[in-house]
Amino acid sequence: MGILPNILFVLALILGIGYFARNIRKIIRNIRLGKAADVTGPTAERWKNMARIALGQQKMVVRPVSGFLHIIVYLGFIIINIEVLEIIIDGVFGTHRIFSFLGGFYDFLIGSFEILALLVIVSVVIFWIRRNLLKLQRFWKPEMKGWPKKDADLILYIEVILMGLFLTMNAADFRLQEMGVDHYNQAGAFPVSSYIAGWMSAWSETTLIAVERVAWWFHILGILFFLNYLYYSKHLHILLAFPNTYFGRLKPQGQFNNLESVQKEVALMMDPNADPFAPPAEDAPPPEKFGASDVMDLNQIQLLNAYTCTECGRCTSECPANQTGKKLSPRKIMMDTRDRLEEV
Ligand code: SF4
């Protein structure tokens, strides 16, 4: 086979990352359809917000149960990237476990990836149960029918498959290491997959190599698929949470912006000498549009918000109008804004 697998791997990588970059460019183009937004303010505070909320997941601890589960899945996502880096180097250069020279630290890394992978599977199962068996009300609102529901479930299945492939790959590798097969040097700790490897004890070397390779390939192809799936999914927030928190409001919560157009109208009404029927001055600029009738009337931050919405429905479940049975749903506004943006 020689270098054929390496060439195929590089091609898959170029295709996967290229398509992803194309979609990111589409998102940037779409957001630019909006009006310019005021993003002035201390840069240091913006970075701090991003580190605290997007990286540190500060808001997650507000609801301890789902927060804890989300943090596990999020940590799994971040840490698994180190493992993906190794897979990429191995795939391009035909090496095997290139980082194994790190010795004890490598064992620690692989061991913690495995524990995280197991915790991710457990968390995902709990998420699935909350969503589909316990039927949390906010997941079953009318706007969650069709694709949003499928999307939420699909992502859970993808995560289980990816983690399952990772553990299967390690289990076969562990067995091959035990058998002293060439190329499979002693590297890594396998606190979870060593149990799976127990089921593989009767498998031949050829079968184990085939299982290890197939799991390795599907794992990395699955990650590339996942990367590209994000664009079509509510899980785009995994990436957009970073710019979104960077460009977030720095003003105190609840502080309103003064709408100049409204202020002008009110001032006119309060002024006894004003003539409401007087024609505007010749050099007066055309009146600004009031409200928003399409995505172009929103500003770029609002459009970024729509792309970042996770469709968790917490805004809708707290909305007093929605609680009284009205159809108003802040989540639906976000979802429709994003759909309309794609349409435009
Ligand atoms: S806008 Fe509403 S549904 Fe979207 S992430 Fe925020 S709280 Fe959740």
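Select helix α8 (residues 237-246) and helix α10 (residues 300-308): their axes come within 9 Å and cross at roughly 150 degrees. Helices here are DSSP runs of H or I with at least four residues, numbered from the N terminus. Axes are lines fitted to C-alpha atoms over the stretch in contact, and angles run from 0 to 180 degrees between N-to-C directions. α8 and α10 are therefore roughly antiparallel, a label for angles over 145 degrees. Their crossing is left-handed, that is, the near helix is turned anticlockwise from the far one by less than a right angle.

This is a predicted model, in which local features need pLDDT of at least 70 and side-chain atom pairs count only at pLDDT 80 or more, while totals for chains, interfaces and linings use all residues. Residues are numbered from 1 along each chain as its sequence is written.

Now show the residues between these two helices. On α8, the contact is made by His237, Leu240, Ala241, Pro243 and Asn244; on α10, by Leu304, Asn305, Tyr307 and Thr308. Contact requires C-beta atoms, placed from the backbone, within 7 Å. This set has five nonpolar, four polar and no charged residues. Ala, Val, Leu, Ile, Met, Phe, Trp, Tyr, Cys and Pro count as nonpolar, Asp, Glu, Lys and Arg as charged, and the others, Gly among them, as polar.

Next, select α5 (residues 147-178) and α7 (residues 205-229), whose axes come within 8 Å and cross at roughly 150 degrees. This crossing is also left-handed, and α5 and α7 are therefore roughly antiparallel. Residues of α5 in the contact include Ile158, Leu165, Phe166 and Arg175, and among those of α7 are Glu212, Trp216, His219 and Phe226. By class, the contact of α5 with α7 has 16 nonpolar, three polar and three charged residues.

Colour by domain. Domain 1 covers 4-21 + 63-232 and domain 2 covers 33-55 + 235-249 + 295-344, with bounds from an automatic or database domain assignment. Their centres, taken over C-alpha atoms, are 30 Å apart. Nine residues of domain 1 are in contact with 13 residues of domain 2; the domain 1 side has six nonpolar, no polar and three charged residues.

Finish at the ligand. Which residues are around the ligand? They are Cys309, Thr310, Glu311, Cys312, Gly313, Arg314, Cys315, Pro330, Arg331 and Met334, each with its C-beta atom, placed from the backbone, within 6 Å of the molecule. α11 (314-318) and α13 (330-343) are the elements giving two or more residues to this shell. α13 gives the most, with three residues. The shell has five nonpolar, two polar and three charged residues.

Note on methods: Angles under 35 degrees count as roughly parallel, over 145 as roughly antiparallel, 65 to 115 as roughly perpendicular and the rest as oblique.
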